Each structure stands twice: as structure tokens, then as C-alpha cells.
Amino acid sequence: MTEGTERTMTEKELLDSFDEALRDGHIFVCYQPKINHATGRMIGAEALMRWKHPVYGLQFPSDFIPVLERNDLIHRADLYVFEQVCAFQRQIIDSKTSPVPVSFNMSRLDMLHDSYIDDIEKLRKKYDIPVKLLHAEITESSAVGGMELVIGVLKKLHDCGYKVEMDDFGSGYSSLNMLKDLDVDVIKLDMRFLSGNIGGRGGTIISSIVQMTKWLNTPVVAEGVETIEQADYMKSIGCSYIQGYLYSKPLTADQFIEMLRRLDHEPAAAAMDLISVMDAGKFWDPNSLETLIFNSYVGAAVIFRYQNGKCDILRINQKYMKEIGMNMTEKEILCSDPFEGFDEANLKKFTDTLKRAAKSYDEESCETWRTVCSKICGKDKICVRTDLRMIGKADDEYIYYATVRNITSEKKRFGEIEESERKFRMASEQVNVYAWEYIFATKQMRPCFRCMRDLGVPPVVENYPAPLFDSGLFPRDYEEMYYDMLHKLEAGQESAEAVIPLTVGRIPFHVRYTTEFDENGKPLKAYGSAAIVADGKKA
Ligand code: C2E
Ligand code: CA
Ligand code: CA
């Protein structure tokens, strides 16, 4: 190579040297490993095209592939890459190294060539490569010219036994809808499309996609993973397959073989084995019968994952929030650790039930006490009856579907509360603290569970506090004073307190407010609490 002339080639230069590049091996293939971040083992690789011109040096696909596509040459280049991959796999097999599946990229334009699949099949047979060692990668944008073409190609690939990976998932082109119609075997989720901080919106999108793919039975490979934080995050949401600079840049054939020999490798793990009690795919479709049932007919329901003694809530319905949500938001519930509220005995009771259900494949039930804690309700202890069923499992990961009923008051009525529970309840009853939050901007008040249970306050009070004066919970003669207090808090006062007689019984309560401010110091909401005044005399 002549020093100093390395540069990106022009379209004309590329076209003029294309034949020579194929003939003389200037176009060649690099391999980027796909790693299981949970085990550190290699599960596969992707073949990436490179072009090293003798004068102009290394050219990257982003520069030359569009040129090849525009000039109807990509088809030839892709077949050339496919043949290189077959020859490479043959070399690996012959050298008694155990191979991993290698995926090859298919251009949208390859699909327009009717002979494409016959051509690759001929090559595969020529090198005698088991079809399971070759995966096709197609991109979402393949569907731009219409879904029929892609569906047809996918079927042909499947008929020949190829696994198909959906590349660049999340880059656009109505991804979710496409998955419904395209029966792909692996989804590649490019972290770079969902950049930004994984703790924020990007993370929420990624984790919902990963959760959804579990239901579709489709493993996910996270691509473009550059940092250990990204890899750990992906693992934490159940996606351990990773391709990216963190583990390795694309390697030359020799470097790749060396890595393959060095690392243990494993076959790509089986997709989650969903038990066919329901159509999991339909489950995520907002218009399906399954969703309708989940939301409307089953009562309070939840879907959660159990793995290595840990539990994550994946999905809840509205009634679940009502039943044991303690006025938490859906997000608060999804992010909470459901096992946190169990004491040891109740935790054992619950996990034993999970284990029974995993064995019996049938419905199993238990009644357990737990402490629930929310920002506005504070702590409360509730008893929940859970009827559950395992609906999916893979390795050490189990998915359960459960309906729940809050039976705290029944338990209380029937006097079946065990001694410790009774003590707790008595204590909490005696404290008689009611809590709520009041949002200045919307004039909404969200009460705690005890306010709802004991005082019949609805989960959200609009135009607070007017409805509570109307209902007689708050006395009319305190109206002016109460509004004045709220106005002061809204104007920035940090706290306020007063003794106010509440309920028609005019029981004196010590009412306290603390204001929460946003980062600019603007008052956002006020947290209120009311504790009965110790001697309980009427005011
Ligand atoms: P792709 O299929 O999405 O391939 C992944 C690209 O991401 C590769 O770029 C790879 O080098 C890069 N990459 C992998 N890990 C990381 C990372 O952690 N950080 C960053 N920043 N990048 C990472 P490359 O090799 O330049 O290929 C670009 C695109 O060109 C490919 O995107 C693919 O669409 C296309 N391409 C490559 N080889 C072929 C081929 O043989 N045939 C066809 N039709 N297209 C190909
Ligand atoms: Ca690709
Ligand atoms: Ca990709």
C-alpha cells in the first residue's frame, strides 16, 4: 500500500475496482463475536464485509455498501461474503474446533433476486455446512417495499432450515407491528438507536421490548454494547446476549479462530418455553381477547418473573392497583420489589407455592401477609390471597400469572389474625395516622390506603379540598382557614399545621403539611397527615 493515500474511495473508483476486489480478495470478511454476558461464553458471530483497496486502504461498509446497492452489485458482494463464511466454517470444522453459528447480512435488494436462496443453498451444500451454523440477518427496513416480499423470503429461509435474525430492531419502521407478522428467531436490538441514559426513557423502552420478546418466545441480542454498565443493565432485564466493542471489535478470520479456541462456547439457549395455557403473542396486543380478559374479567391480576429467589413484576392490570396498590402508580408498583414486604415465614409460604406450581403445572394458592409501603400511604399490613399458575420457564427463570384478592378485612372480621398480625394492626389502629398528597398544579389529592378504607375517600380527589367539605368529612367552619393554609403552602411555605375537627363526629386531628419543591424551588406538592389528638375530646 502506498503511504499517505488512504482515503474513502469515490463511487467511480469503487465501481471500477469492484471486479478486481472480488477476484483478488480485497473484499473480505471480519467476524464479531456474540457473547453470553451471564457466562462469558461465545454464542455466535456476525460476518461483516470489509474492503481493503491496495492503494486507498480500508473502506467501511457505510461508504461502499450504498454504492453497491445503487449499482445492483450488492447481490454479488453478499453471495461472495456468504461463500467466504461457508469456507470459514468448513475450515473451523476441519480443524476440530467446535463452531458457533455465524450470521450473514442480507440486503433488502438480495430479496429481489429470485435465485438468491437457491444460490446460497448451492454454496452451503458445496462446503457441506450444517444449516444451523448459518443465520440470516434481515433488517426492519426490508419491509419498506411491502411485507409480502419479506414474508415470502422468510418462509423460504425457514423451509431450508435457516434461523433468521431481525437486525437493527428499534431503528424505526413500525417495529412492533412487524414482529407480529414476521416470525423471526432472534431479535437484535441496537443500543445505539436507543441511546441516552439507560436509567431514563431509553431504558424503559429497552426493558419493555425485552419483556415483550419473552412473550413472543424470541431471544434478544443487544448490539453496539460498549460499556459494562450497558451490559449489566441488559443482563438485569433478562437479556444476556451481547455483541459490541465491550467484548470485541470485528476480528479478522485468524483473530476470530484464536478467540473461538480460547473461549468456551455454547449453543444459543433455547427460547423460553411458554406453556400453552394462553397465546403469549396475543397477550401484548392491546386489542386481543387475552388483553381484554386480563384487563376486565379476571379481577386483580399480575404477571411476574421469579429467578434465583428474586421476583420482578412484569405486568399488572388496573384492578391489581386498586386491590393492593395502596394508591401507588403503575410505575411505582412495577419498580418495587414484591418480596420486600414479606417476613421470613410468609416469604417461605409464598415461594413454596411458586415451587409447587412449577411442579404441578396447575393452579396453586396461598394466603400471605405482607407490609406494603407507598410514598403517600406509608406502611400498612395486608393479607392477600394469591391464585397462581406458571406460564413459562427457561433455565432458572419462571414466569407466573396470578390473580390476587386483598382479604385483610375478611381476615380481620373472622378474627383469624395471628397474634403478631393482631398486635401490628392494633398498633397501627391506635396510631390513627392518615396520610395523603396534594398536587398544587392539578388540585388532586391522593389519599393513603387507610383513608380509603376507613373514611371512604376515593383514590383520587379532584378539585381538593372542596369534595371533602361537601361530604362532611371536613367541617364547614374550617373552610376558610383550610384554604388559606393550602394557599400559603402553594406560595412556598415549607410546612403548616393545625388542629382540625374531622368527620361528622368532629374528632380533633392534628393536621400537618410538608411541601415538596422541584429542582428550581417551585412548590410541587404537599404531603399531608392527620393524627388523632391524644385525649380524643370533641372539639
Ligand atoms: P450492522 O449489520 O448493524 O452491523 C453492526 C455494525 O455495528 C458493524 O459496523 C459493527 O462493526 C458495528 N459495531 C459493532 N459493535 C459496535 C459497538 O460497540 N459500537 C459501535 N459504535 N459500533 C459497533 P460495520 O461493520 O461498519 O457495518 C455497518 C453496516 O454495513 C452493517 O450494520 C450492515 O448493515 C452493513 N453490512 C456489513 N457487512 C455486510 C454484508 O456482508 N452485506 C450487507 N448487505 N451489508 C453488510
Ligand atoms: Ca447485521
Ligand atoms: Ca445491526
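Is Glu137 buried or exposed? Select Glu137: because its relative accessibility is 0%, Glu137 counts as buried (buried is under 20% relative accessible area, exposed over 50%, partly exposed in between, with a 1.4 Å probe and protein chains only).

Before moving on, some ground rules. This is a predicted model, where local features need pLDDT of at least 70 and side-chain atom pairs count only at pLDDT 80 or more, while totals for chains, interfaces and linings use all residues. Residues are numbered from 1 along each chain as its sequence is written, chains are lettered from A and ligands numbered from 1 in the order in which they are written, and side-chain values use heavy atoms, with hydrogens and water left out.

**Stop 1: the calcium ions**

Show ligand 2. This calcium ion is coordinated by Glu46 (OE), Asn105 (OD1), Glu137 (OE) and Asp167 (OD), at 2.1 to 2.3 Å. Donors here are N, O and S atoms within 2.8 Å of the metal (3.2 Å for Na, K and Ca), and since water is not among the atoms, sites may look incomplete. For a sequence search, the spacing of these donor residues is E-x58-N-x31-E-x29-D. Colour strands S5 (residues 134-139) and S6 (residues 163-169) next: Glu137 is in S5 and Asp167 in S6, 30 residues apart. Helices (H or I, at least four residues) and strands (E, at least two) are DSSP runs, numbered from the N terminus.

The protein donors of ligand 3 are Asp167 (OD), Asp168 (OD), Glu223 (OE) and Glu223 (OE), lying 2.2 to 2.8 Å from the ion. Asp167 lies in S6 and Glu223 in strand S8 (residues 220-223), so the pair ties together parts that are 56 residues apart in sequence. Both Asp167 and Glu223 are buried.

**Stop 2**

**Stop 3: helix H9**

Select residues 253-262. Phe256, Ile257, Met259 and Leu260 of H9 are buried, while Asp254, Glu258 and Arg262 are exposed on the other side. Covering the buried residues are, among others, strand S1 (27-36), strand S2 (41-53) and H3.

Step back into the loop between strand S9 (241-243) and H9 to find Lys249. Beyond its neighbours within four places in sequence, Lys249 is in contact (heavy atoms within 4.5 Å) with Tyr31, Gln32 and Pro33.

**Stop 4: the cores**

Phe256 is also among the residues with the most contacts inside the largest nonpolar core, along with Phe104, Met106, Leu157 and Met234; that core has 79 residues. Such a core is a set of buried Ala, Val, Leu, Ile, Met, Phe, Trp, Tyr and Cys residues joined through side-chain atoms within 4.5 Å. Helix H3 (residues 74-94) gives the most to this core, with 10 residues. Finish on a second, separate core of 57 residues, including Met321, Leu388, Phe449 and Phe509.
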